[in-house]
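Reader: I would be grateful for a close look at the contacts between charged side chains in this model, and at the aromatic rings as well. Please connect the individual contacts into one account.

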Amino acid sequence: MNKTVIKAEPGQRGPADHAVREQIVLAAKEHFSRYGYAKTTVSDMAEAIGFSKAYIYRFFDSKQAIGEAICTQCLTAIGDQVEEAISTVKPGPEQLRKLLRTQVEGSISLFFSERKLYDIAAHSASEKWSSALKYLERIDQLVSDVITAGRKAGEFERKTPLDETCRAIGLAMQPFTHPMMLQFCLDDAPVASNEVINLILRSLAP
């Protein structure tokens with residue numbers, strides 16, 4: 001049987017599919033949940049999971065690389081939820097509404113159900129980690145695909161350039177999806193984000 005070889009992400013060492021890597025990531029996530037990303041060192045994690053620091057460095061070249069792996073898991077989960085949600089409705093306003101609402105709900109759930117894990121999301125956004133950038137690219141592409149399909153179906157206006165439309169939608173939704181901004185409007189996010197989504201949809205009407 002052929003075995004699929006997955007290329008390691010930047011900062012990861014050794015075989016990408018090694019079971020030990022997943023063990024380190026799971027242990028690190030639990031440790032970050034208790035003590036926070038900023039206050040945790042590779043030595044702390046090594047002691048918690050019973051590995052030497054040198055052994056952990058066989059799989060990750062830094063604490064950031066481990067944080068990247070955790071971020072990738074969380075952000076991939078949100079992206080998967082968004083794709084599943086929009087697959088249930090036809091292109092147009094309701095599909096875009098589903099996309100944006102699911103993104104907001106996923107952000108709140110994954111970033112703030114365990115507040116100390118927020119540190120990782122905040123670091124990823126402020127330092128522009130590859131995990132955060134890839135997630136934004138994925139969401140931007142989904143928005144672009146939905147707008148394009150909706151325009152073809154006559155559901156959205158076509159005068160505004162596509163890239164400008166997608167960029168404006170992303171900026172409008174940042175207070176409810178960006179981890180550095182969501183913390184300031186977390187309590188109002190469900191209602192406020194819905195109001196912004198309604199405004200976006202009205203602006204896109206043909």
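Author: Across the whole structure, which is a predicted model, a search finds five salt bridges. Arginine 34 forms a salt bridge with glutamate 30, and their closest N and O atoms are 3.5 Å apart. Both residues belong to helix H1 (residues 19-35), where a spacing of four residues corresponds to about one turn of the helix. Arginine 34 has a relative accessible area of 53%, so it is exposed, since the cut-off for that class is over 50%. Glutamate 30, at 46% relative accessibility, counts as partly exposed.

Arginine 138 pairs with aspartate 80, with the closest N and O atoms 2.7 Å apart. Here arginine 138 lies in helix H7 (residues 130-152) and aspartate 80 in helix H4 (residues 63-86), 58 residues apart. Both partners are partly exposed: arginine 138 has a relative accessible area of 24%, and aspartate 80 has one of 40%.

Arginine 138 also meets the side chain of glutamate 83 in a salt bridge, at 3.0 Å from N to O. Because glutamate 83 lies in helix H4 and arginine 138 in helix H7, this pair ties together parts that are 55 residues apart in sequence. Glutamate 83 is partly exposed, at 36% relative accessibility. Through shared partners, the salt bridges join Asp80, Glu83 and Arg138 into one network.

The aromatic rings come next. The structure holds four aromatic pairs. In one of them, tyrosine 37 and tryptophan 129 have ring centres 5.8 Å apart and planes at 65°, so the pair is edge-to-face. Tyrosine 37 is found in the loop between H1 and helix H2 (42-49), and tryptophan 129 in the loop between helix H6 (118-126) and H7, so this pair ties together parts that are 92 residues apart in sequence. Tyrosine 37 and tryptophan 129 are both buried. Together with Phe32, these two residues form one aromatic cluster.

Charged side chains and aromatic rings also meet directly. Lysine 63 lies over the face of tyrosine 37, at 4.3 Å from the ring centre. Tyrosine 37 therefore takes part in the edge-to-face pair with tryptophan 129 and also has lysine 63 over its face. Elsewhere, the charged end of arginine 21 sits over the ring of phenylalanine 60, 5.3 Å from the centre of that ring.

Notes
Residues are numbered from 1 along each chain as its sequence is written. This is a predicted model: local features need pLDDT of at least 70, side-chain atom pairs count only at pLDDT 80 or more; totals for chains, interfaces and linings use all residues. Side-chain values use heavy atoms; hydrogens and water are left out. A salt bridge is a side-chain nitrogen of Lys or Arg within 4 Å of a carboxyl oxygen of Asp or Glu. Helices (H or I, at least four residues) and strands (E, at least two) are DSSP runs, numbered from the N terminus. Buried means under 20% relative accessible area, exposed over 50%, partly exposed in between (1.4 Å probe, protein chains only). Rings of Phe, Tyr and Trp (its six-membered ring) pair if their centres lie within 6.5 Å; planes under 30 degrees apart count as stacked, over 60 as edge-to-face and the rest as tilted. A charge sits over a ring if NZ of Lys or CZ of Arg is within 6 Å of the ring centre and within 35 degrees of the ring normal.
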